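My notes follow in the order in which I checked things.

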Amino acid sequence: DAVSFRRAALVLTSAGIIHLIPIVLVNSSPERAERRLLDLDIQAGTAESIIASRALEKRDYQKSEKYYRIAAEKDSTRSEVFYRLGELNLRKEEYFDAVSNFGKALRLQKDNPEYRFALANAYIEAEWFADAAEQLRILTERFESNPLYWTKLGYALNHSGEYGDAVRAYRRALLFDPESSEYRENLYSAMLNRGSELQEEGEYEKAEELYLKAISMVPVRWEGYFNLASIRSVNKQYGEAVRILKRAINRSVTLDYRVYLQLGYLLEKLGRDEEALKYLIEAEEMNPLSPAGQLIRKIREKNGGSQKDR
């Protein structure tokens, strides 16, 4: 019976046979813990925010969003809640909702750079580049030595067609992080865009200056050589244009069919048909839909079909 068991237990304990092990209680029901948390008399939205945060840590994004939304409904002054909702929107590619939620977070904490940067990124994802640039200009004014803010500003400006300002922003980014190959290539892109803009306006000398600087910064990409050769072509300096394009072929890591196409076109103009064919055939192989085929036929007809593929 129970009395006999207790007496036996005491005897065994005194003899050192029974070892007492501490008891650990593990809550086997997270849902029960959440219900108890929700029942607590605490500030509105706090329990839901805690549950949402834990769900986010476990990558349960659906549950996290659900409880962050409830928290926002119960207390619309929680900036962190709107910020997290914006992050979840970005994850789901709901860019307009992300803009809305990051905007709400920023209105609640106007001096929070993390919220402002998140809003700028959401604008970029939504392709509202001018709005992104507006937010990023504020950040670069406050944190002028932060290269990440400068390069994001350059990106927004470059994509909104403000190429001159993009060049200046990317230069600032590179100034504060001169070893960054990413920032260097970003600046290269903006310089080519600004050069193209100047070239269209007839400002050939200024365009050429930018192309040469771009090539010196990133000599292993073909676009700078191609644009520089286009200026030479406009000025009917075909021989110089050919030399520039051949330099692109020799130095570039990757090449586009347009380099071979333009080279073939210029060589045909110079009467170097056999050499032109070699590059035009290369262009056609890279892009069968390019005009290279028409030029190939023209050269062959001109030479009575005597030109062979090489």
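Before reading any accessibility, I wrote down the cut-offs: buried means under 20% relative accessible area, exposed means over 50%, and partly exposed is in between, with a 1.4 Å probe and protein chains only. I also noted that this is a predicted model, in which local features need pLDDT of at least 70 and side-chain atom pairs count only at pLDDT 80 or more, while totals for chains, interfaces and linings use all residues. Residues are numbered from 1 along each chain as its sequence is written, and side-chain values use heavy atoms, with hydrogens and water left out.

Entry 1, the overall fold. I find 17 helices and zero strands in the protein chain, where helices (H or I, at least four residues) and strands (E, at least two) are DSSP runs numbered from the N terminus. Of its 310 residues, 40% count as buried.

I take a salt bridge as a side-chain nitrogen of Lys or Arg within 4 Å of a carboxyl oxygen of Asp or Glu, and the structure holds 22 of them. In helix α12, glutamate 209 and lysine 213 are four residues apart, and therefore separated by about one helical turn; their side chains meet at 3.4 Å, N to O. Lysine 213 is partly exposed at 36% relative accessible area, and glutamate 209 is likewise partly exposed at 44%.

I then looked at lysine 74 and glutamate 48, whose side chains meet in a salt bridge of 2.7 Å, N to O. Lysine 74 lies in helix α4 (residues 61–74) and glutamate 48 in helix α3, so the pair ties together parts that are 26 residues apart in sequence. Is glutamate 48 buried or exposed? With a relative accessible area of 6%, glutamate 48 is buried.

Glutamate 275 and lysine 246 form another salt bridge, the closest N and O atoms being 2.5 Å apart. Because glutamate 275 sits in helix α16 (residues 273–286) and lysine 246 in helix α14 (residues 238–251), this pair joins parts 29 residues apart in sequence. I also noted a network of salt bridges linking Glu65, Arg69, Lys92 and Glu94.

Serine 49, in helix α3 (residues 46–57), counts as buried at 14% relative accessibility. Leaving aside neighbours within four places in sequence, I see serine 49 in contact (heavy atoms within 4.5 Å) with Tyr68, Ala71, Arg78 and Val81. Alanine 126, in the loop between α7 (113–125) and α8 (129–142), is buried at 13% and touches Tyr95 and Phe96, not counting residues up to four places away in sequence.
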